[in-house]
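Good morning. Please look at the sequence and the model on the screen.

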Amino acid sequence: MEKYKCIQSFKTISTGLVKKNSIWEYDSAYFGHLEVRLYKENGDDGGYIDLLHEYFYKYFQRIS
């Protein structure tokens, strides 16, 4: 999986606050026409978020 860092905190309806500098993993196996699915690194908080591509490109930067 590719890793991404959140470059600016923002809120989502489903998960609440996504903190700046948090690390997320991108699952390329999940394909959504409008969405990208990111998982918390190492399964922290047991969660994932689904974002519109617009927000993915705005709030995340690839780190590996």
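A residue is called buried under 20% relative accessible area, exposed over 50%, and partly exposed in between, with a 1.4 Å probe and protein chains only. By that definition Asn 21, at 47% relative accessibility, counts as partly exposed.

Before I go on, two notes on the source. This is a predicted model, in which local features need pLDDT of at least 70 and side-chain atom pairs count only at pLDDT 80 or more, while totals for chains, interfaces and linings use all residues. Residues are numbered from 1 along each chain as its sequence is written, and side-chain values use heavy atoms, with hydrogens and water left out.

Now the overall picture. The protein chain has one helix and seven strands; these are DSSP runs numbered from the N terminus, helices being H or I with at least four residues and strands E with at least two. Along the sequence the order is β-β-β-β-β-β-α-β. The radius of gyration is 11 Å, close to the 11 Å that the globule rule gives for 64 residues, so the chain is as compact as a globular protein of that length. That radius is taken over C-alpha atoms, and the rule is 2.2 Å times the number of residues to the power 0.38. Of the 64 residues, 31% are buried.

Back to Asn 21, which sits in the loop between β3 and β4. What is the phi of Asn 21? It is positive, about 75°, although Asn 21 is not a glycine. Most residues other than glycine have a negative phi.

Ser 22 lies in that loop between β3 (16-18) and β4 as well. Is Ser 22 buried or exposed? Ser 22 is buried, because its relative accessible area is 10%. Its side chain makes a polar contact with the side chain of Trp 24 at 2.8 Å. Such a contact is a pair of N or O atoms within 3.5 Å; within protein, one must be able to donate a hydrogen and the other to accept it, and residues adjacent in sequence count only if both atoms are side-chain atoms. A polar atom of the Ser 22 side chain also lies 2.6 Å from the backbone oxygen of Lys 19.

Next, the charged residues. How many salt bridges does the structure hold? There are three, a salt bridge being a side-chain nitrogen of Lys or Arg within 4 Å of a carboxyl oxygen of Asp or Glu.

One joins Arg 62 and Glu 2, with the closest N and O atoms 3.8 Å apart. This pair links distant parts of the chain, since Arg 62 is in strand β7 (residues 60-62) and Glu 2 in strand β1 (residues 2-6), 60 residues apart.

Another joins Lys 3 and Glu 41, at 2.8 Å from N to O. Lys 3 lies in strand β1 and Glu 41 in the loop between β5 (35-40) and β6 (48-52), so this pair ties together parts 38 residues apart in sequence.

Asp 50 and Arg 37 form a salt bridge too, with the closest N and O atoms 2.7 Å apart. Asp 50 is in strand β6 and Arg 37 in strand β5, so the parts tied together are 13 residues apart in sequence. Arg 37 is buried, at 15% relative accessible area.

Last, Glu 25, in strand β4 (residues 23-26). Glu 25 is buried yet has no salt bridge. Which side chain of opposite charge is nearest to Glu 25? That is Lys 3, 4.1 Å away; Lys and Arg count as positive and Asp and Glu as negative, with His and the chain ends not counted.
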